[in-house]
Amino acid sequence: MEVLNGTISSFFVFKVFGRRENSGLVPWETRRSLAEASGDNSTLILAAKRTHRKDPNDGFNYYTGGWNISNSHYWASVSYTAVPLFVIGAIWFVVFGLCLCFICLCYCCCRREPYGYSRFAYALALILLVLFTIAAIIGCVVLYTGQGKFHGSTTSTLEYVVNQAEQTSEGLKNVSEYLSAAKGIGIASTFLPANVQTNIDHAETKINSSATTLHTKTQKNSKDIQDLLDAVRLALIVLAAVMLLLAFLGFLFSILGLQCLVYFLVIIGWILVTGTFILCGIFLLLHNVVADTCVSMDEWVQNPTAHTALDDILPCVDNATAQETLLRTKDVTYQLVTVVNTVITNVSNLNFAPNFAPLYFNQSGPLVPALCNPFNADLTDRQCSAGEVDLNNASQVWTNYVCQVSASGVCITPGRLTPSQYNQMTAAVNVSYGLYHYGPFLVDLEDCTFVRQTFTVISDDHCPDLRKYSQWIYVGLVMVSVAVMMSLIFWVIYARERRHRVYTKKHTPRNYGGPYDDKAP
């Protein structure tokens with residue numbers, strides 16, 4: 001079974017089962033039919049409003065299938081939201097590349113001495129260069145902060161999902177251990193029937209297989225996702241640092257008039273800005289998928305009986321394993337309690353003659369109360385009768401009926417249970433209580449209650465941060481892209497104006513007292 005496959009967009013991979021109806025299990029299809037018969041919606045389109053986007057794979061008609069990560073049209077429609085940024089990146093790469101080629105061509109083939117310069121253009125270029133450099137720095141700060149917050153939020157969500165999966169695996173293993181222990185329990189040479197022990201063996205095999213698969217897949221997928229998150233974080237940190245360094249060095253070299261270095265940084269920046277616009281589109285897509293997924297989980301939790309796109313990708317536990325495990329735990333609990341009560345009724349509470357050894361061990365005193373069986377013979381729930389002790393306190397109550405024994409195992413004080421019998425009965429009670437205690441856990445696995453609870457926590461506690469910080473990254477990337485893009489343009493403009501200013505200063509007589517007598521920076 002696959003768990004955590006695509007966790008930022010999905011986080012669990014489960015399959016939905018039916019729910020319990022008396023002692024039986026209602027399959028999912030029957031459950032949905034009952035919902036339809038009662039007037040409930042049989043189909044629910046998840047996040048219908050959020051996913052109402054144009055689909056380029058369907059003639060740019062609006063996509064109406066809702067959140068469905070197994071539908072190519074969903075991915076096409078959500079990817080289309082990032083197309084403007086991809087187009088901007090492509091236009092920037094082509095147009096600015098042509099401009100650079102034109103500038104190089106003019107500089108090499110049509111070189112001429114600069115003439116004149118505008119003080120207003122010079123000052124405006126300098127002011128805008130400063131402003132866009134500051135904007136680039138702010139964008140880098142937003143990007144760096146956003147990636148840190150996003151990484152922390154995604155890691156926290158992943159850890160929660162892994163913890164839930166590990167608890168499920170651990171619960172299955174505990175059930176398997178209780179079932180295994182039940183096979184070895186014998187009271188006064190009375191054991192579980194052979195057919196029950198065979199059924200336990202079959203159930204154990206399936207349980208252990210499911211638990212091992214769940215644990216293995218969880219560990220593998222969580223490691224893969226964590227490695228991806230770490231790689232994304234490293235890439236964003238490097239990008240923020242490089243863009244910050246690029247903006248600072250470009251501004252510094254422009255002010256100092258180091259034109260060769262400026263044009264070298266312009267070429268580097270031209271490529272980096274193109275890549276940053278592509279990253280902007282990717283993170284806008286990611287932001288939309290995260291938001292769609294969070295809305296979908298919330299709607300699925302609120303409409304558990306509706307058929308949704310989650311049905312095919314949310315297996316809880318293997319259906320056969322869940323049903324058989326639940327039935328086996330009930331059956332074994334019923335059989336163990338029956339064995340205990342058989343010994344109490346037919347051995348401990350009867351007064352045998354001394355020649356009836358080993359049934360005779362000089363039992364005497366008040367009768368031992370029977371153990372309350374939580375199930376009837378058909379495995380439906382049963383209420384305790386008067387005088388019975390339940391699984392919670394049976395061990396404590398029975399201590400009052402234990403006698404002291406001689407070396408031959410015969411009671412020498414009043415009592416109807418030998419220490420050996422008491423220990424065997426207590427072991428049976430402990431196993432029965434454990435299996436009965438894990439009944440609700442197995443029901444939760446069976447009807448996806450635990451998935452619903454997990455989704456509720458993710459939707460309420462994790463989704464707000466995931467949506468907010470993925471938007472921070474997207475906004476930071478946009479700020480950096482635009483600011484550095486404009487900085488590149490004004491590096492070229494300012495370098496040109498500064499070169500013209502220096503040339504004009506050198507070739508303008510000082511006695512003119514013109515406006516170019518001020519000293520170039």
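The model is predicted, so local features need pLDDT of at least 70, side-chain atom pairs count only at pLDDT 80 or more, and totals for chains, interfaces and linings use all residues. Residues are numbered from 1 along each chain as its sequence is written, and side-chain values use heavy atoms, with hydrogens and water left out.

**The chain as a whole**

The chain has 11 helices and 6 strands. Both are DSSP runs numbered from the N terminus: helices are H or I with at least four residues, strands are E with at least two. Of the 521 residues, 45% count as buried, meaning under 20% relative accessible area, with exposed being over 50% and partly exposed in between (1.4 Å probe, protein chains only). Take the contacts between residues at least 6 apart in sequence: 76% of them join residues at least 24 apart. Contact here means heavy atoms within 4.5 Å.

As for confidence, pLDDT (the predictor's confidence in each residue, from 0 to 100) averages 80 over the chain, and 82% of the residues score at least 70. Residues 1-41 stay under 50, and the model has 128 contacts beyond four places in sequence for that stretch. Residues 511-521 also stay under 50, with 19 such contacts. Where pLDDT is low, the predicted coordinates should not be read in detail.

Axes are lines fitted to C-alpha atoms, for helices over the stretch in contact, and angles run from 0 to 180 degrees between N-to-C directions.

| Pair | Axes come within | Crossing angle |
|---|---|---|
| α2 (residues 72-80) and α6 (residues 259-302) | 9 Å | roughly 125° |
| α5 (residues 194-256) and α6 | 10 Å | roughly 145° |
| α4 (residues 119-183) and α9 (residues 419-437) | 9 Å | roughly 150° |

Angles under 35 degrees count as roughly parallel, over 145 as roughly antiparallel, 65 to 115 as roughly perpendicular and the rest as oblique. A crossing is left-handed if the near helix is turned anticlockwise from the far one by less than a right angle, and right-handed if clockwise.

Start with α2 and α6, whose axes cross at roughly 125°, which makes α2 oblique to α6. Their crossing is right-handed. From α2, Tyr74, Trp75, Val78 and Ser79 meet Leu285, Asn288, Val289 and Asp292 of α6. That contact splits into 5 nonpolar, 2 polar and 1 charged residues. For these classes, Ala, Val, Leu, Ile, Met, Phe, Trp, Tyr, Cys and Pro count as nonpolar, Asp, Glu, Lys and Arg as charged, and the others, Gly among them, as polar.

Helix α6 also packs against α5, in a left-handed crossing. Residues of α5 in this contact include Leu236, Met243, Gly250 and Phe253, and those of α6 include Leu265, Gly269, Leu272 and Phe283. By class there are 15 nonpolar, 4 polar and no charged residues.

With α4 and α9, the crossing is roughly 150°, so α4 is roughly antiparallel to α9. This crossing is left-handed. Val175, Tyr178, Leu179, Ala181 and Ala182 in α4 touch Asn430, Val431, Gly434 and Leu435 in α9. The contact has 7 nonpolar, 2 polar and no charged residues.

**Threonine 333**

Threonine 333 lies in helix α7 (residues 319-348). Its relative accessible area is 0%, so threonine 333 is buried. Beyond its neighbours within four places in sequence, threonine 333 contacts Pro374, Phe375, Ser432, Leu435 and Tyr436. The C-alpha atoms of threonine 333 and alanine 428 are 8.9 Å apart, although 95 residues separate the two along the chain.
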